[in-house]
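Thanks for coming, everyone. Let's walk through one protein chain together. Please have a look at the screen.

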Amino acid sequence: PDSFLSVRDLKVRFSTEDGIVKAVDGLSFDVERGKTLGIVGESGSGKSVTNLTILGLHNPRTSTVEGEIVLDGKELVTATERELERLRGNKMAMIFQDPLTALSPFYTVGRQLSEPYMKHKGASKKEAKDRAIEMLTKVGIPQPKMRFDDYPHQFSGGMRQRAMIAMALMCDPDLLIADEPTTALDVTVQAQILDLLKDLQQEFGSAIIFITHDLGVISHVADDLLVMYAGRAVERGSVREVMREPKHPYTWGLLSSMPRLDSSVDEALEPIPGSPPSLLNPPSGCPFHPRCAFRDQVPGTLCSDTRPPLGEGRAAACHLTAEQKQTIFIDKIQPR
Ligand code: SF4
Ligand code: MG
């Protein structure tokens with residue numbers, strides 16, 4: 001496949017007072033041009049760290065990065081801060097959960113959109129302003145010419161989110177990373193923003209990484225899905241395949257704790273028992289084994305001794321046999 005971003009055996013470690021945290025532990029994935037990869041997992045699964053590392057926004061003094069991140073032929077792990085700075089906002093851009101991490105309260109929205117464009121594209125003030133108004137229009141800000149001179153606090157939450165998307169799109173990035181971009185918004189605005197992202201992707205053809213803890217959200221926006229647990233990928237496939245026939249017990253847990261739109265009664269949600277493991281001292285073998293209800297179906301102590309590999313393509317890192325993965329899901333887990 002025409003892989004635009006390729007991540008291979010990525011390992012990110014942090015030194016803390018208590019020891020080394022293995023935040024990302026041998027992660028590989030690809031994103032194609034014009035496609036959206038959803039990365040789903042609980043907080044602390046390594047999804048945000050992975051993406052900050054791609055952007056080169058990790059702190060080099062407290063973290064070490066191993067492995068390969070190749071964006072359009074350019075290796076990022078070994079890139080200099082200068083090179084990364086040139087790529088950020090130009091070739092790659094980020095949309096955060098909280099627009100106020102990206103938008104400064106001290107400058108007008110228009111100025112914050114224009115300046116990076118002037119810097120990265122060598123555009124004049126006038127060109128940058130025209131482009132900013134064009135982008136504000138595209139993301140659905142009413143009266144963009146007037147709004148250009150507003151400060152972020154003069155925008156509503158949903159409008160700030162739109163302004164941040166406009167800012168991310170200013171330089172026509174090839175890779176857009178969205179980290180829980182709609183979590184703070186009410187459901188209606190959330191749906192509008194997701195639709196907007198989809199439309200803009202069609203228009204701009206960028207690759208998107210969409211990070212969330214919410215499988216429901218991801219099923220609307222992503223083409224492919226990576227399920228992360230304890231700094232590793234535990235399942236990969238197209239969204240359709242993973243949602244219809246998930247193969248990893250952790251994904252089963254995520255799916256059965258998901259509110260169902262089609263249910264008329266308030267079904268009791270079944271949260272995954274236990275909590276995510278400490279990455280200071282991750283479990284041996286399969287990282288999910290302390291919480292897994294199916295490990296007694298695997299012979300011996302394989303689950304607690306041996307790390308299950310994630311194969312290529314459509315795959316789940318689990319010692320259950322292919323047949324078990326299918327029958328257990330269909331008999332026990334599949335939503336009725
Ligand atoms: Fe559960 Fe074992 Fe599969 Fe891990 S490898 S998810 S513990 S069955
Ligand atoms: Mg996060």
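We start with the domains. The assignment for this chain gives two: domain 1 covers 100–172, and domain 2 covers 246–333. Keep in mind that this is a predicted model. How far apart are the centres of domain 1 and domain 2? Taken over C-alpha atoms, the separation is 43 Å.

Now to the inside. In soluble globular proteins, nonpolar side chains tend to be buried together. Here, the largest nonpolar core has 84 residues. Which residues have the most contacts inside it? They are Ala163, Ala166, Ala168, Met170, Ile218, Val227 and Val234. Helix H6, residues 157–169, gives the most to this core, with 8 residues. The core also draws on both domains: at least three residues come from each of domain 1 and domain 2.

Next, a helix pair. Find helix H4, residues 125–138, and look at how it packs with H6. The angle is about 130 degrees, and the axes are 9 Å apart. The crossing of H4 past H6 is right-handed. Who makes the contact? From H4 it is Met135, Leu136 and Lys138. From H6 it is Ala163, Ala166 and Leu169.

Last, zoom in on Ala166. Which residues does Ala166 touch, leaving out those up to four places away in sequence? The list is Leu113, Met135, Leu136, Lys138 and Val139. Ala166 is also among the residues with the most contacts inside the core.

Technical notes:
Residues numbered from 1 in each chain as written. Chains lettered and ligands numbered in written order. Predicted model: local features only at pLDDT ≥ 70, side-chain atom pairs only at ≥ 80, totals over all residues. Core = buried A, V, L, I, M, F, W, Y, C linked by C-beta atoms within 7 Å. Buried ≥ 20, exposed ≤ 12 C-beta atoms within 10 Å, placed from the backbone. Helix = DSSP H or I, 4+ residues; strand = E, 2+ residues; numbered from the N terminus. Domains from an automatic or database assignment. Contact = placed C-beta atoms within 7 Å. Axes fitted to C-alpha atoms, helices over the stretch in contact; angles between N-to-C directions. Left-handed = near helix turned anticlockwise from the far one by under 90°.
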